[in-house]
Amino acid sequence: MMLYIMIGVCAAGIPLVFLIISQNINNAALKRQILSYKEYEKQGLYLYVWILKKDISAGEKVTRAHLEGKKIWVSELDYNHIFIDIHQITGKTAKTELKKGTVMQSDLLNSKNKKKNADH
C-alpha cells in the first residue's frame, strides 16, 4: 500500500517540481527585462511625435493630411532630430521617398529656407 502512495506522490510531485522551476526561471527573466526597460527609460523619453499616415514620394510637399500624432519612446540621442511641432514639418518637401509609419526627423525633409533661396 505504501508503494502505491509513493508512486502517486512521485507521479504528481515530479511534474509539479519542474513547473515550479520553470516558473522561477521565467520570473527571473522577466525581472531582468524590467530592469533593462528601466535603464532604457533613463536614457530616453516617451514623446508625442509625428509619423506618416501614407507614403510620400521624393520632392512631395508634406501636409497635415499626411501626418498622424503618436506617442513613442525616443532615445536621448535621437531627441534633437525628431520633429515634435507639426509646424516644423508641414510645407517642407521630402528629400527621398518616405514610407507610411516613418517618424518625421529633420534629416528627411528639405527646409523651406533652402527652397526659397534657390528660387532667388
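Mentor: Let's start with Leu67, which touches Trp50, Ile51, Leu52, Lys53, Val62, Ile86, Ile89, Thr90 and Met104, leaving out residues up to four places away in sequence. Contact here means heavy atoms within 4.5 Å. This is a predicted model, in which local features need pLDDT of at least 70 and side-chain atom pairs count only at pLDDT 80 or more, while totals for chains, interfaces and linings use all residues. Residues are numbered from 1 along each chain as its sequence is written, and side-chain values use heavy atoms, with hydrogens and water left out.

Trainee: What makes a nonpolar core, and which residues of the largest one touch the most other members?

Mentor: A core is a set of buried Ala, Val, Leu, Ile, Met, Phe, Trp, Tyr and Cys residues joined through side-chain atoms within 4.5 Å. The largest has 13 residues, and Leu67, Ile89, Leu98, Met104 and Leu109 touch the most other members. There's also a second, separate core of six residues, including Val49, Ile51, Val74 and Val103.

Trainee: Why is Val62 called buried?

Mentor: Buried means under 20% relative accessible area, exposed means over 50%, and partly exposed is in between (1.4 Å probe, protein chains only). Val62 comes out at 1%, so buried it is. Val62 sits in the loop between strand 1 and strand 2; strands are DSSP runs of E with at least two residues, helices are runs of H or I with at least four, and both are numbered from the N terminus. Among the contacts of Val62, beyond four places in sequence, are Ile56, Leu67, Ile89 and Leu109.

Trainee: How do you know whether His66 is buried or exposed?

Mentor: His66 has 5% relative accessibility, so it counts as buried. His66 is also in the loop between strand 1 and strand 2.

Trainee: What makes the pairing of His66 and Glu60 a polar contact?

Mentor: The term asks for a pair of N or O atoms within 3.5 Å; within protein, one must be able to donate a hydrogen and the other to accept it, and residues adjacent in sequence count only if both atoms are side-chain atoms. The two side chains come in at 3.3 Å, and the pair is listed as a polar contact.

Trainee: How many salt bridges turn up in the whole structure?

Mentor: Two. Lys99 also pairs with Glu97, at 3.0 Å, and Asp55, Glu97 and Lys99 are linked in a network.

Trainee: What makes the nonpolar surface patch, and how does Met1 score for accessibility?

Mentor: Patches use residues with over 30% relative accessible area and no salt bridge, joining like charges within 9 Å and nonpolar side chains (Val, Leu, Ile, Met, Phe, Trp, Tyr) within 5 Å. Here Met1, Met2, Ile5, Met6 and Val9 make one of about 590 Å². Met1 has 76% relative accessibility, so it counts as exposed.

Note on methods
Salt bridge = Lys/Arg side-chain N within 4 Å of Asp/Glu carboxyl O. Areas by Shrake-Rupley, 256 points an atom, 1.4 Å probe, with all protein chains shown as cover.
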